[in-house]
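User: Please take me through this structure by question and answer.

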Amino acid sequence: MAKRKKNILVSVWLASTSGRRILTQILNMVNSNLPWRIRLITEPDLLTQDEIKRAIDQKFDGFIGFVNDSAAAAALAHSFLPAVIMNYAPPVLQTRTNKIVTISDNDEEIGKTAASHYLSLGKFASYAFVPDAESHGWSRLRERGFRR
């Protein structure tokens with residue numbers, strides 16, 4: 001008897017290399033006999049409160065991805081939908097204690113590693129860190145690691 005396919009909502013940013021890599025890994029798992037049916041949202045800003053509510057109403061089995069919208073985060077935080085949150089979980093999601101996992105980069109270490117690499121080359125009289133234009137938290141942490 002075939003297993004029932006689990007419905008999984010996936011939200012990744014396909015405009016980024018890392019988002020495409022994440023989706024590739026998820027699809028590799030699905031293609032290796034994981035009984036999943038995926039609904040894909042290709043840009044985290046398109047993950048809305050209505051999308052989360054629709055997944056809950058349709059009895060989805062889980063969520064994997066990025067959550068940028070505060071209303072979507074609140075809907076997910078107050079649900080029982082198992083969730084894997086990638087990178088920075090909005091504060092409301094940090095209060096949820098069951099059926100949730102957050103996977104984050106160590107941005108300060110990334111900045112430190114980049115600076116160490118440039119120093120190891122010994123070819124530069126000076127170097128600098130250029131933060132992202134919107135001064136996101138990840139960028140500030142990478143700058144701190146780079147400066148240290």
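User: Which residue in β5 is the bridge partner of isoleucine 85?
Analyst: This is a predicted model, where local features need pLDDT of at least 70 and side-chain atom pairs 80 or more, while totals use all residues. Residues are numbered from 1 along each chain, and side-chain values use heavy atoms, without hydrogens or water. Strand β4 covers residues 83–86 and pairs with β5 in the parallel sense over 4 bridges. In β5, the partner of isoleucine 85 is threonine 102.

User: In what order do the strands of the open sheet lie?
Analyst: The open sheet has 5 strands (DSSP E runs of at least two residues) with parallel pairing, at least two bridges being needed for a pair. Its edge strands, each pairing on one side only, are β2 (36–41) and β5 (100–103). The order is β2-β1-β3-β4-β5.

User: By how many degrees are neighbouring strands of this sheet turned on average?
Analyst: The axes are lines fitted to C-alpha atoms. With direction ignored, neighbouring strands are turned against each other on average by 20°.

User: At about what angle does helix α1 run to β2?
Analyst: Helix α1 (residues 17–31) lies across β1 (6–11), β2, β3 (62–65) and β4; a helix is an H or I run of at least four residues, and contact means heavy atoms within 4.5 Å. Between N-to-C directions, on a scale from 0 to 180 degrees and with the helix axis fitted over the stretch in contact, the angle of α1 to β2 is about 165°.

User: What separates arginine 54 and glutamate 51 in helix α2?
Analyst: The two form a salt bridge, with the closest N and O atoms 3.0 Å apart. Here a Lys or Arg side-chain nitrogen must be within 4 Å of an Asp or Glu carboxyl oxygen, and the count comes to 8 salt bridges. Because arginine 54 and glutamate 51 are 3 residues apart in α2 (residues 49–57), what separates them is about one helical turn.
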